[in-house]
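The structure itself comes first, followed by notes grouped by topic.

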Amino acid sequence: MLKEFFWGSWHDTFCAWSGLVVVVGYSCFLASVKAQLNDFYERFYDLLQKGGDVDPPSGEYEDTYADYRTEVAKELWAFALIVLPLVSATPACKWARSAWAFLWRTSLMRAYLAAWDTQREPIEGASQRLHEDTQRFASGLEGCLIVVLDAMFTLAVFSPILLRLGTEVASPVDLGEATDGWLWAFAFLASLTGLSGAALLGQKLVGLEVSNQKVEALLRKDLVLLETTPAVIVGTQPTIDERYAAFLPQTYFRNTLESLKKNYFALFKHFGVLNFWLSLFDQVMVIAPYALAAPLVFASDPNQRITLGTLIKLSNSFEKVFSSLSVISENWGAINDFRSTYRRLSEFEAKLYPPVKTFGWRSPRITDGGSGAGTHLSEVRPRGGTVQEVLGEPMPEGDDDRDDSELRVAEAPSSSSSRRRASRNEIEVYTEGPARTDEMRV
């Protein structure tokens, strides 16, 4: 999945590496803006606290209030200068990230189509892997990779800030030499607790998601067959009326729908337990920094007393570090969905590409030449010819004058060759019984 995009054609390679530079650069820029806003919050709330300590205006305090109003205006202007580049860059970078993920998807699709060998046994769910899973891969890549990058740069920027605040804010417990880093240690232990709970409660989600996608692929394949070749699903109408119910589509799909219901409700149950844990833990961690440091605003010891700006800066820095360390637990559902997609695509590539590896990469499968070589899609003839002409098979001898009504669809094709299709071309197929004409896309 990496080679197809980062080491493919020159156009894909250029888009892959340039897009990666944009994605990483934007994450770094976003982390620096967060740090500047954190400093702004400290200054702004300290200014508000000082203004609240001033008595109502009476003569000598009028100049003081005018100075505070001027300082507030300056801080608001500083805030505008901080967020203005972010407002300008965010839409452009989000567009670049979406385009980058889509180009990765199309690169995968082109590589898979180039390696698709129609002369081999069909790969189960190949159409879903090629269409839906590549789309899910692109969406998950745009979500999970961006979240992880943002977390990494945010952690790198805010960890020194939180460590410095640990030396300024007194610890509620004496930790000896580790007292100065008590805030960062508390954030790390809290994130480890959240991750452990998420991993324990969501450990079955990947397997359930993979099983669910297999049932979805089976349902989609049977529905396509029901639309194009109904006889493959329901057969022909029996002569005994009592057996007619066995040939209804709802009878054929009953077990598939029951399996689908079972899988989805298992997913709902595990996601419900996981979401309850994450919601509860997040609310506890929102109040945790205030519960630890807010009493110090009113501490009797002046050496331990902190300002309102310091409290807000501490809370914001703690939230950034904790969120960065908890990025896996907070996005456990999305990460599991991406993992299941990656696993299905890896299994698909293992069947699509040959087992021989070159420099650690799988090489695309090459169709053997000779008389058994398959007909390329570009060689498929337009609608109106015989079945043999459309499928590229030789015309049987002595059958030139055979009537087209003798071409009938098999009730239950068992070989892979009977399911070969020519994309965007149609042939007319006649079934037994009354004169009924069905158009089947092959």
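Phe-5 and Trp-104 are both buried. The model is predicted. A search of the whole structure finds 22 aromatic pairs, and the structure also holds eleven salt bridges.

**Aromatic pairs**

- The ring centres of Phe-5 and Phe-6 lie 5.6 Å apart with the planes at 75 degrees, so this pair is edge-to-face.
- Phe-5 has a relative accessible area of 0%, while Phe-6 counts as buried at 6%.
- Phe-5 also forms a stacked pair with Trp-104, at 5.3 Å centre to centre and 25 degrees between the planes.
- That pair links distant parts of the chain, with Phe-5 in helix α1 (residues 3-6) and Trp-104 in helix α3 (residues 62-115), 99 residues apart.
- Ring pairs join Phe-5, Phe-6 and Trp-104 into a cluster that also includes Trp-7, Trp-17, Trp-100, Phe-137 and Phe-338.

- Asp-12 and Arg-110 meet through their side chains in a salt bridge of 2.9 Å, N to O.
- Asp-12 sits in helix α2 (residues 10-53) and Arg-110 in helix α3, 98 residues apart.
- Asp-12 is buried at 6% relative accessibility, whereas Arg-110 is partly exposed at 45%.

- In the salt bridge of Arg-129 with Asp-133, the closest N and O atoms are 2.3 Å apart.
- These two residues are four apart in helix α4 (residues 126-168), so about one helical turn separates them.
- Arg-129 is buried at 8% relative accessibility, and Asp-133 is buried at 0%.
- Glu-132 forms a salt bridge with Arg-220, with the closest N and O atoms 2.8 Å apart.
- Glu-132 lies in helix α4 and Arg-220 in helix α6 (residues 205-228), 88 residues apart.
- Arg-220 is partly exposed at 33% relative accessibility.
- A network of salt bridges links Glu-132 and Arg-220 with Arg-136 and Glu-209.

Methods
Residues are numbered from 1 along each chain as its sequence is written. This is a predicted model: local features need pLDDT of at least 70, side-chain atom pairs count only at pLDDT 80 or more; totals for chains, interfaces and linings use all residues. Side-chain values use heavy atoms; hydrogens and water are left out. Rings of Phe, Tyr and Trp (its six-membered ring) pair if their centres lie within 6.5 Å; planes under 30 degrees apart count as stacked, over 60 as edge-to-face and the rest as tilted. Buried means under 20% relative accessible area, exposed over 50%, partly exposed in between (1.4 Å probe, protein chains only). A salt bridge is a side-chain nitrogen of Lys or Arg within 4 Å of a carboxyl oxygen of Asp or Glu.
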